[in-house]
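This report covers the contact between two chains, the relation between them, and selected features of their fold. The sequence and structure are shown first.

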Protein chains: 2
Amino acid sequence: MAIPPEAFFLHGNLNGTLQQRIRQLVAEGIVAGRFRACDKMPSSRGLAAQLGVSRITVTLAYTDLVASDYLTSKGRSGYFVSASAPLQPEFEVGPRALAVQVDYAQRTGQRFSGAEMLRRPADWASFRYPFIYGQADASLFDHQNWRQCAVRALGKRDFEALTSDYYDRDDPLLIEYILRNILPRRGIEATGAEVLLTMGAQNALWLAGQVLTRPGVRAAVENPGYPSLRGILAQTGAAVDWVDVDEGGLPPDAIPAGVNVVFTSASHHCPTNATMPMARRRALIEAASARDFVIVEDDYEFEMSFLKAVSPALKSLDREGRVVHVGSFSKSIFPGLRLGYIVAPEGFIREARALRALTLRHPPGHIQRTAAYFLSLGHYDALVNRMKQAFKRRRLAMGEAMEAAGLQVAGQGGVGGSSFWMVAPEGVDTEALARGLHAQGVLIEPGRVFFDPARAPRNYYRLAYSTIPVGRIAEGVGLIAAGIARADRCKPVRPV
Amino acid sequence: MAIPPEAFFLHGNLNGTLQQRIRQLVAEGIVAGRFRACDKMPSSRGLAAQLGVSRITVTLAYTDLVASDYLTSKGRSGYFVSASAPLQPEFEVGPRALAVQVDYAQRTGQRFSGAEMLRRPADWASFRYPFIYGQADASLFDHQNWRQCAVRALGKRDFEALTSDYYDRDDPLLIEYILRNILPRRGIEATGAEVLLTMGAQNALWLAGQVLTRPGVRAAVENPGYPSLRGILAQTGAAVDWVDVDEGGLPPDAIPAGVNVVFTSASHHCPTNATMPMARRRALIEAASARDFVIVEDDYEFEMSFLKAVSPALKSLDREGRVVHVGSFSKSIFPGLRLGYIVAPEGFIREARALRALTLRHPPGHIQRTAAYFLSLGHYDALVNRMKQAFKRRRLAMGEAMEAAGLQVAGQGGVGGSSFWMVAPEGVDTEALARGLHAQGVLIEPGRVFFDPARAPRNYYRLAYSTIPVGRIAEGVGLIAAGIARADRCKPVRPV
């Protein structure tokens, strides 16, 4: 049968080049069974006329389809659907008659969906004032060199790195670079057996939580602190002690007796941005030794230190193997990469590696190899440098705008970072505030989820400047101040 | 200070183009602090002479380094290290004085490292006869089109898909393609809320194990069956019932009373390749309904059906929401991708999604988007088609060679796949056999790990043909037969 040119039209669901879209139309028609083996394709001239494209575009698409055996070319007779073209098996998919008879809520105990989680709207990039934390800024990212490294990692020479099942192993190139170049910046010396790659810091903290805690183990976490930790520890069944932080981060003396594991973000405390002073770091390490606890150090943002020199990591002071160090490329490259690492004694890494293999095997090889190139060619350092300069300008603009608008900073740290920790007048509910501002194109992060749920204040919030252009800062801050003033006037009067 | 050209040499640790290697030399020297701000670089002529490369190569590398602020150009005076070049903070990393004082074996309970795991040597590709399962074959993979799709997914338009933290979400393009084009091939109709992407089938099975089982829950697994399931269930604390399979896979009648969850690889049983007949599939679904259990269907290899038409998935027969369906792109694209999916009722997906977010958030966006393009342009179907044709030829060659050599097949299934399940004479230990063959360049997979450890025979093994060229099959099979003959002669005489 000859397929008429009218069987094809470039509908809106397709994207890509014209050649790709024609290829897709033909391949879809064949796989779906609309075009059958040995059917004759329209002439390139006829199809070009029908689609309003050049004849050469159609010819190139056809040639491409011959290469992958969708079509065969019979010289001057034209193109035909190949007799061995891919086919989709056809089953009867009757009218959908699914009536779920299993009570999954009861059967699963809903043990996981209850955990609170930081969330940003999926369409955050379309907001005019996105004071949100942790996404990549297209205006700062070195897209061109990332692409170049990714293309290199797609080359024939890297076929194994791209396609292999590594089981529980990692890309030796990336491990080597981390050992030789990243860890020395934190004052850390380590061997390959002491490093494990993870799917971002989230996965690293999850692995640490699973390996180090279980029912009967006591874990100390910072209040306020990284919200996902709560979910991670709820899953392991550890007993959780919330320890209030001050302007120097976690005070070692406040850690209750009997704690087995301490989670801390010493270098840039999340969310207050406090940097733990060196004296306190030493005291924490000494306390770990004297009281026999292990420290999980979340070093997620050390690169963004532009106001003062960064301090060495807790891990660099560790002489007894008590520190499990977590690093991440989410803030310095981009979070969609899902790449981080753990540095810890071999006995720990062995367990974490086995658990990672059981749950997911390894981060995709292509991602690892691309990062290795991006780092080793110096693009990473150049990018971090550029981000630091931009963040410094934005931070300055934020500071000025917030002062002018009378917003109150609760924590800003002294070394840099990418956010301010803010406090609104008592009685202002920042979750309601965030909903109101959302309608005005302003995204802020309410602070409640960072606190011990038993005593969470509702008037804190976080303002990040990692994705907002400097020119919009003053206007956005002004809208926030107006929103707070409105909320402050309307807040419920406390019964006396 | 002027840096002399002699400070540079192209040592063996570098790879990439000459321009990239020069860039790396300079960037590393700056970041490491060997070259300081305002140092003068060698002239392009001088450095070109030192390195034995063309002057334009050096100039291009310099220009590139200026763009990322490692160097500045001062017109005719030449190139200088930029005053704002990236710098590595320097800490004293004293001589390593780590004396681990924490007993991690005791503290972690070594709960994870004990699990048995399939392993292949990292250098399997350098073996002449790699009868191993589950790696990608460079001679079959459509590298060019994969690269093209990956490059497209690296474009400006896909910046968000590449870089975003999706939290618990997935790429809508890939989900849509799976819903519209992959699932219908298995007879499955589903909605977006019923699909979750995973880091391969391993991650999917792990999520299913975590969500559906815990202490007090009884899970049935196939004997023999997929080895990692044992580790996954050991972690959840479920009670495990091993059910012996026959030539039709898992017999529903043999599932003990009181079981809550049944794990099965119905379409291509792992490792025997048995395909469950339709009548048995219906009986299994009916048993699930009558006895109120849930089925986890591992449909990891349905694409490789080239001898007979593939049967619809168990999931397609499921009217009560009792089947959790697991699919994977590891066999049909490549395992290093780490991409698979779960199709299940919303109540299940909600829990699995929350758990995935807690453990790793989401598979990297770039991987998802590249797969979406590769699928939607028809490259996937073309690739699967090509693999099927090659596997068919290899399977034929395997069958002939094994018959000629007198090897005994224990399970081959009727639809295709990529391996044979083999049995050696009783008393032959295939783990010792594998070690002996390893020295001769032959890789085979001993079968013990597939069995219930309490009663695992030692004379089974698996021979896969997914990565071995057809021309080497007869020779490799000959070596295996000779190895078995040797082992059979030397086997310990059983005491009477």
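## Salt bridges and polar contacts across the interface

In this predicted model, Arg180(A) and Glu28(B) form a salt bridge through their side chains, with an N to O distance of 4.0 Å. Three salt bridges are found across the interface of chain A and chain B. Polar contacts across the interface of chain A and chain B involve 59 residue pairs, counted where both residues have pLDDT 80 or more. Helix α11 of chain A, residues 346-359, supplies nine residues to the side of chain A that touches chain B, the largest share.

Over all chains, the count of salt bridges comes to 45. One of them links the side chains of Asp170(A) and Arg356(A), at 2.7 Å from N to O. Because Asp170(A) sits in the loop between α6 (159-163) and α7 (172-182) of chain A and Arg356(A) in helix α11 of chain A, this pair ties together parts 186 residues apart in sequence. In general terms, side chains of opposite charge can pair when their charged atoms come close.

## Extent of the contact

The size of an interface is often expressed as the accessible area lost when the parts come together. Between chain A and chain B, the buried area is about 11,900 Å², and carbon and sulfur atoms give 54% of it. On the side of chain A, the residues that lose the most area to chain B are Tyr104(A), Arg107(A) and Leu358(A), which together account for 6% of what that side buries. The contact draws 135 residues from chain A and 135 residues from chain B.

## Relation of the two chains

Two copies of a chain are related by a rotation about an axis and a shift along it. Here, chain A is superposed on chain B by a rotation of 180° with 0.0 Å of shift along the axis, at an RMSD of 0.1 Å. This is therefore the relation of a two-fold axis. Within chain A, Val151(A) has the C-alpha nearest the axis, at 3.4 Å from it. Both copies use the same surface, since 100% of the contact residues of chain A recur in chain B.

## The seven-stranded sheet of chain B

Seven strands of chain B form an open sheet of mixed pairing, in the order β4-β10-β9-β8-β7-β5-β6. The edges are held by β4 (195-198) and β6 (239-244) of chain B, each of which pairs on one side only. From one strand to the next, the twist averages 20°. Four bridges connect β4(B) with strand β10 of chain B, residues 340-343, in the antiparallel sense; within this pairing, Leu196(B) stands opposite Ile342(B).

Two helices packing on this sheet may be described. Helix α8 of chain B, residues 200-212, touches β4, β7 (261-264), β8 (294-298), β9 (323-328) and β10 of chain B, and its direction makes about 170° with that of β8(B). Helix α9(B) touches β5, β6 and β7 of chain B, with its direction at about 165° to that of β5(B).

## The four-stranded sheet of chain B

A further open sheet in chain B consists of four strands in the order β11-β12-β15-β14, with antiparallel pairing. Its edge strands, each pairing on one side only, are β11 (408-411) and β14 (445-446) of chain B. Strand β14(B) runs antiparallel to β15 of chain B, residues 460-464, and two bridges join them. Pro446(B) has Tyr461(B) in β15(B) as its bridge partner. Helix α13 of chain B, residues 379-405, packs on this sheet and touches β11, β12 (419-423) and β15 of chain B; the directions of α13 and β12(B) make an angle of about 20°.

## Backbone features

Most residues other than glycine have a negative phi, and most peptide bonds are trans. A cis peptide bond joins Asn223(A) to Pro224(A), with omega of about -5°, and Pro224(A) lies in the loop between β5 (218-223) and α9 (227-236) of chain A. In chain B, Asn223(B) and Pro224(B) are likewise joined by a cis peptide bond with omega of about -5°. Pro224(B) belongs to the loop between β5 (218-223) and α9 (228-236) of chain B.

Cys38(A), although not a glycine, has a positive phi of about 75°. The loop that holds Cys38(A) runs between α1 (18-31) and α2 (44-51) of chain A.

Methods. Residues numbered from 1 in each chain as written. Chains lettered and ligands numbered in written order. Predicted model: local features only at pLDDT ≥ 70, side-chain atom pairs only at ≥ 80, totals over all residues. Heavy atoms only, no water. Pairing = 2+ DSSP bridges. Contact = heavy atoms within 4.5 Å. Axes fitted to C-alpha atoms, helices over the stretch in contact; angles between N-to-C directions. Least-squares fit on C-alpha atoms with pLDDT ≥ 70 in both. Buried area = accessible area lost by both parts, 1.4 Å probe. Polar contact = N/O pair within 3.5 Å; in protein donor to acceptor, adjacent residues only side chain to side chain.
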